[in-house]
Amino acid sequence: MIRACQKKILFVAGAEHSAFETAYFVLRENSESLCLGGDDIIKEADRIINERLPAVKKKKQRLEKIKKVLLFTTSALSGALVGGGTVAIISFLF
């Protein structure tokens, strides 16, 4: 069974330098935003997008930092293992 519904949706196209290609905002039916002008709604949409963007960047930066720490730790442990093995073989031979 298909039910019909009607929602007011705001479509915001992203700029070339933006992190978002497009953004869709579904407006509440009982919202004060219906009384706002078009420019006010666009400003609110931009504000929401800009609030979320730093969180995405911080998460990516945190993941990159974790990757670097894991790579360094793995390299250090591998070096210690190879070095220790080399010392053990040399001391066993002499």
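## Exercises on a predicted model

Isoleucine 9 stands opposite valine 26 in strand 2. Keep that pair in view as you work through this predicted model.

**Exercise 1.** In which sense do strand 1 and strand 2 pair, and over how many bridges?

*Solution.* Start by locating strand 1 at residues 8-13 and strand 2 at residues 22-27. The two pair in the antiparallel sense, over six bridges. Ile9 and Val26 face each other across this pairing.

**Exercise 2.** Which residues make up the largest nonpolar core, and which element gives the most to it?

*Solution.* First, list the seven members: Leu10, Val12, Ala23, Phe25, Ile41, Ala45 and Ile49. Next, assign them to elements: strand 1, strand 2 and helix 1 (38-93) each supply at least two residues. Helix 1 gives the most, with three. Finally, look around Phe25: beyond its neighbours within four places in sequence, Phe25 contacts Lys8, Ile9, Leu10, Val12, Ala45, Ile48 and Ile49.

**Exercise 3.** Is isoleucine 90 buried, partly exposed or exposed?

*Solution.* Find Ile90 in helix 1. Its relative accessibility is 45%. Then widen the view: Ile89, Ile90, Phe92, Leu93 and Phe94 form a nonpolar surface patch with about 690 Å² of accessible area together.

Notes
Residues numbered from 1 in each chain as written. Predicted model: local features only at pLDDT ≥ 70, side-chain atom pairs only at ≥ 80, totals over all residues. Heavy atoms only, no water. Buried < 20%, exposed > 50% of the residue type's maximum accessible area, 1.4 Å probe, protein only. Helix = DSSP H or I, 4+ residues; strand = E, 2+ residues; numbered from the N terminus. Pairing = 2+ DSSP bridges. Core = buried A, V, L, I, M, F, W, Y, C linked by side-chain atoms within 4.5 Å. Contact = heavy atoms within 4.5 Å. Patch = residues over 30% accessible without salt bridge, like charges linked within 9 Å, V, L, I, M, F, W, Y side chains within 5 Å. Areas by Shrake-Rupley, 256 points an atom, 1.4 Å probe, with all protein chains shown as cover. Salt bridge = Lys/Arg side-chain N within 4 Å of Asp/Glu carboxyl O.
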